[in-house]
Amino acid sequence: MTIKRFPLTAKQVANITTTYPTPFHIYDEQGIRQAARNLKQTFSWSETFTNYFAVKALPNPHILRILKEEGLGVDCSSLPELLLAQHVGFTGDDIMFTSNETPANEFRKARELGAIINLDDISHLEYLEHVASLPDLLSFRYNPGPLRSGNTIIGDPREAKYGLTYEQLFSAYAMAKSKGVHRFGLHAMLASNELDPLYFIETASMLFDLVATLAREVGITFSFVNLGGGIGIPYRPEQEPFDLDIFSRGVADLYERKIVQQGLPPLQIVMECGRFITGPHGYLITTAIHHKETYKDYIGLDACMTNLMRPALYGAYHHVTVLGKEEAPATHIYDVVGSLCENFDKFAIDRSLPPIDTNDIVVIHDTGAHGHAMGFNYNGKLRSAELLLTTSGNIQLIRRAETIEDYFSTLDFTGFNGQA
Ligand SMILES: *Cc1c(COP(=O)(O)O)cnc(C)c1O
């Protein structure tokens, strides 16, 4: 069981909405800091353990600054993400660049910042050398194909576009070595939103074995293994949180047997978790603006897929509560929907909830990762503001809501006079 809390009272939210109308996302700084500390603390047996926060999960410099203070690195995969990282002051080894189908200018920027580059394909080695230069430290992403099963979001590794095959890894490291690369990393990310620690323990086991084999066969030394991101969060109240202790103890045991006892040099263990750090600490705050009864009972919100795509994209569950009615019996079954002309635009289907009145505040939970960030402007819908509930209890605007001017800003459009 996971209790779905919300850190503000109805009165506090009413206060906030006088300045910042719904919909908006609000993030809980204290929760984010605690999650970052928990992950680090769990791996305290490994002095060099680092989580590179996947910027795509919540690409806001205010959040990245908080994570920097907590000692995290950042995992980037595009030029704007690299620029965000640079803006916040991340450089060199603090940045992991795990991209795919990467354009030349992005590799150049990653090299300029001294980021750790994690290549997605054997052909990218010469591409990187050609468009920028090869670094001293280089990593490759492994895709074990038929040797492992994936989970639902990433799917069967054989169908996943990411990474090199087992055979390609040997040639890739040998080629990199012959081109003068000295230090190496190895990465794999096979699952997303996975709640079973055994899955990650198996990935660690696979990577430790592979490090030993590659080191021996190719004659190279590994500096790190990167277990990727993908630690899940309990979106559903009946789910248990990911067991960090089982995970950490499993990895520690394998590290002892497969690295230390084999006489291999010390290996840094890193991850690229985004969701685990910020996911549970974000909330989409919306207002119920319509109630419609046809073949089903609908609650229409002032938010839509633009604000949170996960339910439509993956059929993902997001917990929904009605502010001030947390303890009220869930006597109604509703579809809670957004305003896009797309029948996928539903936050919850057949959800048991207390009776909802117009103007009730509806809270959608666990929107702190892959929430606002995925938003798009389809149907002329604008992305919302992002607020931060700081550790001292203040409300800080960390991204303003988009305006109609923003929406039109890429058009050569003279018919708009700025009046909505
Ligand atoms: C998306 C992604 C992550 C982060 O995934 P989470 O589920 O947020 O932990 C990390 N690494 C890579 C390469 C990714 O594509």
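**Figure 1. E29 in helix α2.** E29 lies in helix α2, which covers residues 29-42. Helices (H or I, at least four residues) and strands (E, at least two) are DSSP runs, numbered from the N terminus. The model is predicted: local features need pLDDT of at least 70, side-chain atom pairs count only at pLDDT 80 or more, and totals for chains, interfaces and linings use all residues. Residues are numbered from 1 along each chain as its sequence is written, and side-chain values use heavy atoms, with hydrogens and water left out. Is E29 buried or exposed? E29 counts as buried because its relative accessibility is 8%. Buried means under 20% relative accessible area, exposed over 50%, and partly exposed in between (1.4 Å probe, protein chains only). Leaving aside neighbours within four places in sequence, E29 is in contact with I66, L388, L389, T390 and T391. Contact means heavy atoms within 4.5 Å.

Figure 2. An unreviewed UniProt entry gives the annotation "domain: Orn/DAP/Arg decarboxylase 2 C-terminal" for residues 280-368. UniProt positions are in the numbering used here, feature names are shortened, and annotations may be inferred rather than shown by experiment. The end C-alpha atoms of residues 280-368 lie 6 Å apart. The span is 6% helix and 44% strand. For "active site", the unreviewed UniProt entry lists C341. C341 lies in the loop between β13 (332-337) and β14 (346-353). With a relative accessible area of 64%, C341 is exposed.

**Figure 3. The largest nonpolar core.** A nonpolar core is a set of buried Ala, Val, Leu, Ile, Met, Phe, Trp, Tyr and Cys residues joined through side-chain atoms within 4.5 Å. The largest one has 86 residues. F140, Y173, L186, F208, F222 and F247 have the most contacts inside it. Which helix gives the most to this core? Helix α8 (residues 197-219) does, with twelve residues. At least three residues come from each of domain 1 (91-273) and domain 2 (279-400). Those bounds come from an automatic or database domain assignment. F140 touches residues including L119, L125, L164, Y173 and L186, not counting those up to four places away in sequence. A second, separate core has 16 residues, among them L284, A288, V336 and V362. In soluble globular proteins, nonpolar side chains tend to be buried together.

**Figure 4. Aromatic pairs.** The structure holds 21 aromatic pairs. Rings of Phe, Tyr and Trp (its six-membered ring) pair if their centres lie within 6.5 Å; planes under 30 degrees apart count as stacked, over 60 as edge-to-face and the rest as tilted. Y173 and F222 have ring centres 5.2 Å apart and planes at 65°, so this pair is edge-to-face. Y173 lies in helix α7 (residues 166-178) and F222 in strand β8 (residues 221-226), so the pair ties together parts that are 49 residues apart in sequence. Both Y173 and F222 are buried. F208 and Y255 also form an edge-to-face pair, at 5.9 Å centre to centre and 70° between the planes. F208 belongs to helix α8 and Y255 to helix α9 (residues 244-260), so this pair ties together parts that are 47 residues apart in sequence. F208 is buried, with a relative accessible area of 0%. Y255 is buried too, at 13%. Ring pairs link F43, W45, F49, Y199, F200, F208, F242, F247, Y255 and F276 into a cluster.

**Figure 5. Charges over ring faces.** A charge sits over a ring if NZ of Lys or CZ of Arg is within 6 Å of the ring centre and within 35 degrees of the ring normal. K68 lies over the face of F90, at 5.7 Å from the ring centre. R141 lies over the face of Y162, at 4.3 Å from the ring centre.

**Figure 6. Backbone details.** Most residues other than glycine have a negative phi, and most peptide bonds are trans. A cis peptide bond joins T22 and P23, with omega about 0°. P23 lies in the loop between α1 (10-19) and β1 (24-28). E101 is not a glycine, yet has a positive phi of about 50°. E101 lies in the loop between β4 (95-98) and α5 (104-113). At 55% relative accessibility, E101 counts as exposed. D350, in strand β14, has a positive phi near 50°. D350 is partly exposed, with a relative accessible area of 46%.
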